[in-house]
Structure formats: structure tokens, C-alpha cells
Amino acid sequence: MTVTDAPRIVTSRLGHTDSHTLERYLATGGYGGLRKALAMTPEAVAHEVDTASLLGRGGAGFPAGRKWAMLRKSPVTYLVINGDESEPATFKDHLLLERDPHQLLEGVLIAAYALQVTQVFIYIRGEFALGLERVQAALNDAYAAGAVGGDIFGSGFSVDVVVHPGAGAYICGEETALLESLEGKRGFPRIKPPFFPAAIGLYGAPTVVNNVETMSNLPWIVVNGGAAFAALGEGRSTGTRLFALAGHVNNPGVFELEMVKTTFADLIHAPVLGGGIPHGRALKAFIPGGVSAPWFGPDQIDLPLGQDEVAEAGSMLGSGSVVVMDDHTCVVRASWRITRFFARESCGQCTPCREGSGWLEKIMRRIESGHGREADLDLLLDACDNIAPGLGWPPQQTTICVLGPSIPSSIASAIEMFRDEFLVHIKEGGCPYD
Amino acid sequence: MSGGSRTPVGVPRRSGVAAPRHLSADTRARALEVIALYPQPRSAMIPLCHLAQEEDGWLTPEAMADIAGLLDVTPAEVLGTASFYDMLHTEPVGTHVVSVCTNVACLLNGAAELLEHAESSLGVNAGGTTADGSITLEESECLADCDRAPCVQVNHRFVGAQTPVSFDRLVADLRAGARTQDIPGHGTLVRVRRTTGLQADPVTVAGERAAMAEAQAGRAAAAEAAKTASDGVGGQPS
């Protein structure tokens, strides 16, 4: 059992039923980090975040401090918070938005001060009706308490925050699509270069886009220092991180764990974490970091939960969501469903993604329903290869954004790991698990 | 050719002048408050669509014309944006939109069976609305509540994991009006509204905008200079 005694950084208040209220937040040290930050210079605050070497928690894992540093040369005009959590089986930001909205706001205000931004937008997934209400209510209270608005806490620094609802589109979690959506348009990703948000972001102005969990770490980092954060975890993966565990486990949920020190085996089987697989069944496969990530099998279960460790093993920690499949799972059906998701959510700008996802979905459905042909496996891999040439990891890109190259992961993994199962579907003319 | 009063081709038909007033005065007032929060009015597009749905239940052509007038865009631009998003309904929906997630984490926990049950017990396929207009059934993508699978939302309020039995009870409760406390009607931010306007010092904001414009002009000048320089050495044939 290697769940360490690391402090709970972003989930410390969740034991309280009123964790979303200003009263509870203030009673548990809330806005202390912001007050401390306002007494420091913006550069000193940014330096603490750099020292913490906080990796972005949205999925790409880009260091937040470095993202900010890129902006120091140009005047940052907007800070945009990405709360459009839509990666299948990822539900950590959902928790933070609903249960500790003030922690998010405090982090946002610290970031705004460090970047000297006066206008912040928090883009929240439209389906999070309660999350939107909680964050807006928290924002109302924070305005009333003088923590946001003009001359916050008498510091001379002014900043406004706007809560912006999305309306249901996975692609809007991609940062440039999110900016398009925030400008009141269809969520079409912009091509990079030149449209890196740091250079040409919201309304064409330099913009920082950060994830909800990333921001929620900032109050602790400012209060305890970047070095204390960096002392947790190992290597590039510092601090703690939220892992969302779902699928075939006895105790699904969101767990805050010290990076690297815990393994997938611990997460899935430890009694205080996942609690093992129901009905005494065996593990068949698991997805280590959102459905865009290549799958792992039982022999990779002892890998530590670290960004580089998972990357070296050929997948990604991504959004920190782990999906467990037991030995009664039809992998054809599971990977077909994931492919259908991408086909539905492709924005349609780029041909390889738009057409490829449709082809893949139809072929997968044909196999699952018992009408597949043996040549379909090669056809699938060929179509995958057209979207992400070489089928390597990280994938090569033929499209504007990374949604396209994410499509082949589940199919390529499933065929590579369970080719026999595809052949049984084809030869027996149906799903053996039906 | 009939002379008629058609708008000449090429001239955008802005709806602002003669827009039919469909949205209520209250909704229009709230819309203006929302627009004031953004540097550019068009950013209020999605929030305004949610407001219109709060009033009508769905996004009617009349409401889209109103929104176009408020944002100074064409109704086609409103429809073009709205049609991209799953939550914006350009056709009528029931009083309750019931979304059943069937994505991978829910699939592993019986979501396909739940959806099948829902379709047969409601007598509609996913995407359809019951004859009494009370329920629209949707098969949705991941709703980020995967530890309570299979996940169901009603009007985008989470109602926890459902079994076929509990689903039928939920539907009966919805039809009896027994869940109006925790499940309000359509729209976002229905129960909580923003209570304050923007407060950041306008001078600071103006200064920031000026610095931004200056930086952009600088970049444009640099790009122009680079272009001129490369023209000078003959580079690409023009």
C-alpha cells in the first residue's frame, strides 16, 4: 500500500457538506493565498508557480509556469479558464467546480495578479448546471467580500471575472476552439501556428488558457511555497493530482494522490481507493488517461502514476482518468463506442478526422454486429494510418487539432492486444459476449 | 424581373431595425446585462441562446431573430452557431430533456441496457419526444459523473446512477411534477444570477487595450518590414 501521507491540496474541504460556501472557505483559511500574493510582486508570485513546476492538469501536461513565462514578453490581455471538462470518463473538474468554487476563484485571482490581467473568463461546460450556479454564486459572494472587482482587498489591483457557459461540444475543451466558442462562434479549432493563444488568442489578443484543476492548486502553492509543492511527487511530475477512476471497480471516484508515488495497481485495487474489481473478476485492460490514450494491459498495472513514466510506456496520463475493464468486457464494443464518440464530436473541419472517424465507426459497428469481414482489420488500421500516419505515440498529426490523431488510439490498442477477439466476432458472425 | 423590395445582393440584412420583439422585456433586460460583460457583443451568443431557451424551452426562429438584433449579427449567424451545440435545440423539445450517457464508463455499467429500457418504456427512440410533450429522450456523450454510472441528467441536472426500475420512478415523478424543486426548467444559471457589473478600473482596461493595439501594430509593422525585405531580394516570384 503506497498511498503516501502527502497533504490534500485541492480536496481538503470536500469532507464538509457546505464546502462550496464562502463561510466554510473563510473558516478554512480561504483567500489567505490571495492576500499573501497581493503583498508580493507579480513576478514573485509567478516565480513561486515556476518553482512548483506545476504541470497543466488539462491533459497536455504543459508546465503552467512556462506557459505564463511565454506571455511576459507581451502584455497579457486575457486569462481564460478551461472548465469544459468533456473527455470521456474524466470527472475531476466537475467535482472542483461544484464542491470548492472559491478555491478555483482564489487560484484564478492569484493567476490574474501574477499575469497582471484585468479580465478573466471562466468557461464552464454547459451541462454542469449546478457547477455553473455554484461558481456564479461564489463569484457574487467574492465580489461582495472585496476579493474580486475594483481595488481588491485594498491592493490597488482590479480584476473582473465572468462566468461563461458552454453549450455542449467536446471540441470546445481544445483551447483554440474554446476561444472561438467564447467569441460566440462554432467551436472550430484554430490552426497553430499562428494561432497560439499566447500570441493570438481571444479577440486576437495574447491570452493564457489554464485548466480548473491547475488553478485550484495555486492557493496552496502561494501559501506553502512552490518548493513545498515541488517536494511532492518525483521528477517532472510534482505535487498531487486528481485521478478519476471509473468502469469496473468497486469504488469509483476521484482520488487526490501524490504523483509517481502511487501505481495503477494501487489505484485500482487498494481498499481505500478503487477497492478492486467487482465479482472477483480479473483485469482485462485499462485506459490510463482519457479515451484518447492508448490502452494498457494487466502487465502494465505496476506503472507509477507519473507523466513521464506513462509516456515512456507508450501512452499518456492525459486528463488523469482511468477506466477499468474486467475480463467479461467486449473490447470490440468498448472501442466501437469510443470511436462513435469521436465521430459524433469531430467538428468537421479536417477531412482525415471528419471522414476517418465515420469510416472507423461504421466498420467497428459492422464487426460488433457480426457483419465484419476478415479484411476489415487491415482496413481499420489503414484508415487509422491515414489519420495518424505510422500509428506511433505520440501520434503524428494530419489535422488542425489533436482530436483526429486521438481517434486511432482505442482501435489500434484493441486490435493489437485482442486481435483474436475481433476474429471471433467476424468468424462467428456476432458478439460472443451478447 | 419584378422590381419588388428585396434587399440588394451583397448587402447584409441586419435584423436590428425591424426585428420582431419576441423575447419578454425581462429576458431582453437580462440579455443586455450579459452583453455588457463582454468586450465584443457576439461573445454573449451562447448565454443569450440559453436565456431564450429558458423562456421558450427551445430556440425558436423568432428568438434567434431577437438575439441577432441584440448582437448586431444576422439570424443565420445565430442559427449557424447554435446548430453546432448539442444543448441548443433548434426544434421543440419536451418539458424535461432526459439525457442517458452511453459512453465507455457508463457502457461498462449497463448504460446500453438502460437506454433500451428507456426507449421501450417511454415509447420513443433516443432523440424523440413523448406524445404528451413531457419527456425528450437523448443518448448523450460523457456527462462527467462517471462514478455514478450509468449517468442520467434531466435538464442537465444530475440525478445519479439509474436502474430500469429507478428510471421509471424518475419519469413518473417528473410527470407528476414532483421534482420541480431540484430540477428547474430549461436554461443555464436559472437559479443564480450575477449580482454585480464589471468593476475593474476603466482607465487600466483602456491602457491595457492600447498596449495590446500597439503590440499588434508593432507585429504588423515587423511583418510588413520582413515582407518588404524579402521582396527586395527577389525571393518568391509574385
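**Close-ups of a predicted complex**

**View 1. Domains 2 and 3 of chain A, whose C-alpha centres sit 23 Å apart.** This is a predicted model, where local features need pLDDT of at least 70, side-chain atom pairs count only at pLDDT 80 or more, and totals for chains, interfaces and linings use all residues. Residue numbers start from 1 along each chain as its sequence is written, while chains are lettered from A and ligands numbered from 1 in the order in which they are written. Chain A splits into domain 1 (22-230), domain 2 (233-326) and domain 3 (331-428), with bounds from an automatic or database domain assignment.

**View 2. Where domain 2 of chain A meets domain 3 of chain A.** Here 10 residues of domain 2 are in contact with 12 residues of domain 3 (contact: C-beta atoms, placed from the backbone, within 7 Å).

**View 3. An open sheet of four strands in chain B.** The strand order runs β2-β1-β3-β4, with mixed pairing. Strands are DSSP runs of E, at least two residues, numbered from the N terminus, and they pair if DSSP finds at least two bridges between them. At the edges are β2 (135-140) and β4 (157-158) of chain B, each pairing on one side only. β1 (residues 96-101) of chain B pairs with β2(B) in the parallel sense over six bridges, and His96(B) stands opposite Ile135(B) of β2(B).

**View 4. Residues 232-238 of chain B, a stretch with pLDDT below 50.** Beyond near neighbours in sequence, residues 232-238 of chain B have one contact in the model.

Key
Contact = placed C-beta atoms within 7 Å. pLDDT = per-residue confidence, 0-100.
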